[in-house]
Amino acid sequence: MSGFEDSAQPTLATPDGFRWDDGIASLDSMPELPEVETTRRGVEPHVVGRRIVALAVHEPRLRWRVPSSLPAQVAGQRIRVAGRRAKYLLIELESGTLLLHLGMSGSLRVLPAQTPRVAHDHFDVLLDSGNTLRFNDPRRFGSLHYTTDTVDKHPLLARLAPEPFDATFNTDYLWRVTRRRRVAIKQLIMNSTLVVGVGNIYASEALFRARVRPRRQASSLSRAEVARLVRGIRTVLAMAIRTGGTTLRDYVGVDGNPGYFRQKLYVYERAGKPFRKCGTTIRQFAQGQRSTYYCPSCQQ
Ligand SMILES: [Zn+2]
C-alpha cells in the first residue's frame, strides 16, 4: 500500500481495462462479495475518522436516483465505520448511514480531491484529509442511499439472508433449507434469500471442493455433503478476499498488483481442459443462464 496517500494514480479497482464476457457469462463480471470486501478494506483506513466536507453528485441517475437532499444531510458529519452487509458498503456517520452498492461495474477510489474527473465519475465524497472517495460506474447500476434509521431495517437490507461467515450459516442451517427443495444445489446456494454473497464463480468452486455436482437436487445432498459445502463456500470466499477478489477482468488490487485468485480456480472457465489433479476434462453447461463448470470424476 505504499504510495497510496500521495499518489494521484487510482489505487482501487479501476474500471478501465477489464473486458466483459460475451453472452451468458457477462453477468459473472459484476463485483462479487470478495471484491466488495476488498474495496471496503482498501477504503477503510482512508475514511474512518474523517469528516465529510461535501458530497458532490455529478450524475444522480444511478440505479436509483440519488436524492437531491442527500448532500446537505451528510455534509459535516464524521465517518465512524466503514462496514459491509452483503454487497452493500455501509459508511456509518454520526447521524445515519450511507449505503453504497457497486452495481455491475462500479468502483471506488481514494484520490487527492483535485484529481481531474474522468468519464463515469458520478459522485465524490470530499474528506477533510484533502482526499476524495470517488465513485466511477460506466453502467450506472450502482446506487447510493442514506438512512437515519437502524441500517438493518433499510428495505434493501431488511430481508437479506445470513452472510457466509455468520455463525448462523452452518451445516444445520443449510441442511434445513435444502431438505424440501428440488432446485439444483448450485441455484440454491446462489439464492440470496438463503445465503448472500455466493456468486457464480464461487458457487462452481465451492461445489467442486464439496465434491458435489452442480445439478444435484438440493434435497439429495447427504449431511456430510452439506457440511463440505458450507466449508467449501467459506474457503473459496475467504481465499478470494485474501487475494483481492477475482471477478473483475484484469482486476487491480489496492496494492496495484493483479488479483491472483484466478490462477487458483479449479474448474471455473476451464471447460475442455484437463483437471489439474485427476486429469479428467472439465465440463461446462448453462444453468439458469450462467455458465457452470464441474469435474465429472471428482464430483458426484
Ligand atoms: Zn476431477
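View 1. Cys 298 counts as partly exposed because its relative accessibility is 22%. The model is predicted, so local features need pLDDT of at least 70 and side-chain atom pairs count only at pLDDT 80 or more, while totals for chains, interfaces and linings use all residues. Residues are numbered from 1 along each chain as its sequence is written, and side-chain values use heavy atoms, with hydrogens and water left out. The zinc ion has as protein donors the SG atoms of Cys 278, Cys 295 and Cys 298, at 2.0 to 2.2 Å. Donors are N, O and S atoms within 2.8 Å of the metal (3.2 Å for Na, K and Ca); water is not among the atoms, so sites may look incomplete. The spacing of the donor residues in sequence is C-x16-C-x2-C.

**View 2. Helix α5 against helix α6.** Helices (H or I, at least four residues) and strands (E, at least two) are DSSP runs numbered from the N terminus. Helix α5 spans residues 200-210 and helix α6 residues 223-242; their axes lie 8 Å apart at an angle of about 130 degrees. Axes are lines fitted to C-alpha atoms, for helices over the stretch in contact, and angles between N-to-C directions run from 0 to 180 degrees. α5 is therefore oblique to α6 (angles under 35 degrees count as roughly parallel, over 145 as roughly antiparallel, 65 to 115 as roughly perpendicular and the rest as oblique). Contact (heavy atoms within 4.5 Å) involves residues including Tyr 202, Leu 207 and Arg 209 of α5 and Leu 229, Ile 233 and Met 239 of α6. Ten nonpolar, two polar and four charged residues make up the contact of α5 with α6. Here Ala, Val, Leu, Ile, Met, Phe, Trp, Tyr, Cys and Pro count as nonpolar, Asp, Glu, Lys and Arg as charged, and the others, Gly among them, as polar.

**View 3. Helix α3 against helix α6.** Helix α3 (residues 171-178) packs on α6 at an angle of about 120 degrees, with the axes 9 Å apart. The two helices, α3 and α6, are therefore oblique to each other. Their contact is formed by Thr 171, Asp 172, Leu 174, Trp 175 and Thr 178 of α3 with Arg 223, Val 226, Ala 227, Leu 229 and Val 230 of α6. Six nonpolar, two polar and two charged residues take part in the contact of α3 with α6.

Conventions. Buried < 20%, exposed > 50% of the residue type's maximum accessible area, 1.4 Å probe, protein only.
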